[in-house]
Amino acid sequence: MVSKETDEDFLFLAEDEPVGPAKENTLGEWHLLIVDDDEEIHTVTKLALNDLTVMGKQLVFHHAYSGKEAVEFLRQNPQTALVLLDVVMESDDAGLKVVQQIRDELGMDELRIVLRTGQPGYAPEESVIKEYDINDYKTKTELTRSKLVTSIIASLRSYQQIRTINQSRRGLQKIINAGANLLEQHSLHEFSEGVVTQISSLIGLHAEGVLCAQIEDDGSASENIYVLGAAGHYAPYIKCQLERLDNQRIVSQITQCLHTREHQFTDLDTVLYLGNDTHSAAVYIETNRPIEALDRQLIEVFLSNISIGYENVTLFQQLKHAAYIDPLTKTPNRNEFIQILQDTRRYEADHNVAVLIDIDHFSDVNDGLGQDVGNELLIAVTMRLIEHFGISAQLGRIGADVFGLVGPESELTPERLQAVFEEPFHASEHALQVNATFGLCRLTDTAEQGLTILKHVYIALNKAKKQLSQNYQYYKADMEDEMSERLAMLRMLRQDFSHDRLELWYQPQISLADKRVVGMEALLRWPLGNGQFVSPAVFIPLAEYSGLIVEIGSWVLEQACLQIKKLEKQGFSGLRVAVNVSMPQFRNHGFVQSVIDCVRQHQISPQLLELEITESVVMDEPKIVIEALHKLKSFGIKVAIDDFGIGFSSLSYLQQLPLDRIKVDRAFIRDIDKAAGEVIAETIINLGKRLHLSTIAEGVENEAQELAVKAMGCDEVQGFMYAKPMPQAELLKYLQQASA
């Protein structure tokens, strides 16, 4: 056993070498862990080595006082280069257990280990030292300062060599893998990262950096320098424009390197030129020290050897550029933007937002001014967006008139987006004032897959299009739930319709002159099977949006004609049935003929079928509607305008419509006891008279309302005062009672 005094003084024995020259300037650090249960050993070790510099780097000391503490420290600090490890601590073999855990459990093969012991009797066996790659073993009595320094220098040199070899192997492997899989999209970035890593290993550094490529599409060099590949904390900027790095020093040095086609060497970093007359690239490496002449020669040889590989990569980049860049705007297309969304979500989700910009009524520009002007407008919008957001955000063209942006939420605000469209855009000789709608989605509120993110932004955009109060909307999770519910309801509607579960109910219409039933309105009902019904206000717009209303509308017409025929057989002839018609039905080119064919097939009188249209339908496509109604009117079918006064009425269109009847909307009947409601209802009824049209008031629920419309000269009424909508069987009973 060695005495305590000897342990304390072992670093200061007489044969220590004299103190060396003054401390040299250092660039970099070696992290050294001292593991010993004796606190004084830590103190004297640090004191003895405090001024030591090895290969231009100074030592940084860390301390652990047990094997368990040492393992935990190394687990959290894999950059540690060397461990000075006591063998005997909490147990006689505690140090050896630490060695085993370092190599087997932590897998730290590069870390160097120097064993020390104050109790030679507990020395490890030779097989243990060989098995676990221990650099040195010394008893504390023989480990003088000079021997300790020698052991540390040798160990750190060994660490540096092993690390350089491993780093070189990893860099070469990336280049080999990328070359072997060059046709895969990710291999381009693998190749570039491999170049950065390999150059770092050649100069003996664990450096980070970027490889930038100059895209030669136009004459603007700075705007067309893209990060082709990157390592370390630059990785999130792959595929971004160089300016996105937000580091003017790096941007300036890379731009200068590409312009002069010469390497740039400084005390802090290195920029290497790679390319030829047709392909240009620059490799930026953080070195934090000057590159020695020998290292420069190695780099030159390496760059020459990979030049062919880079040409292949550049050719691939050109193919990729064609596949993933929109040819008109020279911005990422939909596929590439999806990948950008995914990468940004993965690396920079916090405080970033994705945006879709939809140019309102862009088709009007194409139709009215021509596609060439439309294309120039898209280019003008692109340039304006780059002017406002080119540095802070990434831009893409997602659809014909839809652009995408992803970047900081503080920059991509609705107010700043709106500012882009405040001034007119110049396209050809035109100055076009256009508006846009915006959908926004915070990346922290969405999924990790790029396609899902795009879907969520589209949900917000579609929501914004339906709003009247503002032209933007942020995505919320319940929007997708609402969309899912709509889709589920649409699936159920399709299923129930195909299984003939929809029903047609009828509400009688009464003549005010003699209280006789003169007809009925056919109303679509969707029962759920539990006594409940889905409101028409919910499922009719859904059916119109999906196009299912065309099939449902044909079915309703068929049922109405069947009902007219059945009523005639029951002795109730001359009763008309009114059917509501939507805009998608008018847009169907076979609609007019299908109505005529249905009337003929069931052999009913055409004037007993009445088509009800709303003002909004007329105003949507007036030419199509008016032309179709004239054809139907000439065949004998009646036409009524529903909800008159609610929509955006145009008397010029009203004059052109071949109408038979005007319906006064229930909203005016409800307020008929108020001055404004009375005036509007009376005006509509008088207008009908002047146009020689019949008038019918809907929503009459009490005697006062009946008396009021009768006094105004209204011809017919419909409402709960007389009868609620009812299924076919109840309608027959009602008619029998009314005629008794």
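What percentage of the 740 residues of the protein chain count as buried? The value is 50%. Keep in mind, as we walk through it together, that this is a predicted model.

Let us start with the overall build. The protein chain contains 26 helices and 27 strands. Among contacts between residues at least 6 apart in sequence, 66% join residues that are at least 24 apart.

Now for a first sheet. Strands of a sheet pair through backbone hydrogen bonds, and they can do so in a parallel or an antiparallel way. Follow the order S2-S3-S1-S4-S5-S6 and you trace an open sheet of six strands, with mixed pairing. Strand S2 (53-54) and strand S6 (136-139) are at its edges, and each has a single partner strand, so one side of each is left without a neighbour in the sheet. Further in, strand S1 (residues 29-35) and strand S3 (residues 57-64) run parallel and are joined by seven bridges. Helix H4 (residues 94-105) lies across strand S4 (82-86) and strand S5 (112-117), and its direction makes about 175° with that of S5.

S13 pairs with strand S14 (residues 402-408) in the antiparallel sense, over four bridges. Within that pair, leucine 395 has leucine 405 of S14 as its bridge partner.

Valine 373 takes us to another part of the chain. Valine 373 and glutamate 429 are 56 residues apart in sequence, yet their C-alpha atoms are 8.9 Å apart in space. Glutamate 429 sits in the loop between strand S15 (425-427) and strand S16 (430-432). Is glutamate 429 buried or exposed? Its relative accessibility is 64%, so glutamate 429 counts as exposed.

Next, let us look at how helices pack against each other. Two packed helices are described by the angle between their axes and by the distance between those axes. Take H15 and H17: their axes come within 12 Å and cross at roughly 25°. These two helices are therefore roughly parallel to each other, since angles under 35 degrees count that way. The crossing in which H15 passes H17 is left-handed. On the H15 side, Leu493, Arg494 and Phe497 take part, and they meet Leu548, Glu551, Ile552 and Trp555 in H17. Sorted by class, this contact of H15 with H17 has five nonpolar residues, two charged ones and no polar ones.

H17 has another helix to meet. Helix H17 (residues 548-569) packs with helix H19 (residues 591-602) at an angle of about 25°, and their axes are 10 Å apart. That angle makes H17 roughly parallel to H19. H17 passes H19 in a right-handed crossing. H17 brings Leu557, Glu558, Cys561, Leu562 and Lys565 to the contact, while H19 brings Phe591, Val595, Cys598, Val599, Gln601 and His602. Of the residues in this contact of H17 with H19, seven are nonpolar, two are polar and two are charged.

Most residues other than glycine have a negative phi. Which value does phi of aspartate 500 take? Phi of aspartate 500 is near 60°, a positive value in a residue other than glycine. Aspartate 500 belongs to the loop between helix H15 (477-498) and strand S19 (503-511). With 54% relative accessibility, aspartate 500 counts as exposed. Glutamine 603 also has a positive phi, near 55°. Its place is the loop between H19 and strand S23 (609-614). Glutamine 603 counts as exposed because its relative accessibility is 60%, and the cut-off for exposed is over 50%.

Key: Residues are numbered from 1 along each chain as its sequence is written. This is a predicted model: local features need pLDDT of at least 70, side-chain atom pairs count only at pLDDT 80 or more; totals for chains, interfaces and linings use all residues. Side-chain values use heavy atoms; hydrogens and water are left out. Two strands pair if DSSP finds at least two bridges between them. Contact means heavy atoms within 4.5 Å. Axes are lines fitted to C-alpha atoms, for helices over the stretch in contact, and angles run from 0 to 180 degrees between N-to-C directions. Angles under 35 degrees count as roughly parallel, over 145 as roughly antiparallel, 65 to 115 as roughly perpendicular and the rest as oblique. A crossing is left-handed if the near helix is turned anticlockwise from the far one by less than a right angle, and right-handed if clockwise. Ala, Val, Leu, Ile, Met, Phe, Trp, Tyr, Cys and Pro count as nonpolar, Asp, Glu, Lys and Arg as charged, and the others, Gly among them, as polar. Buried means under 20% relative accessible area, exposed over 50%, partly exposed in between (1.4 Å probe, protein chains only).
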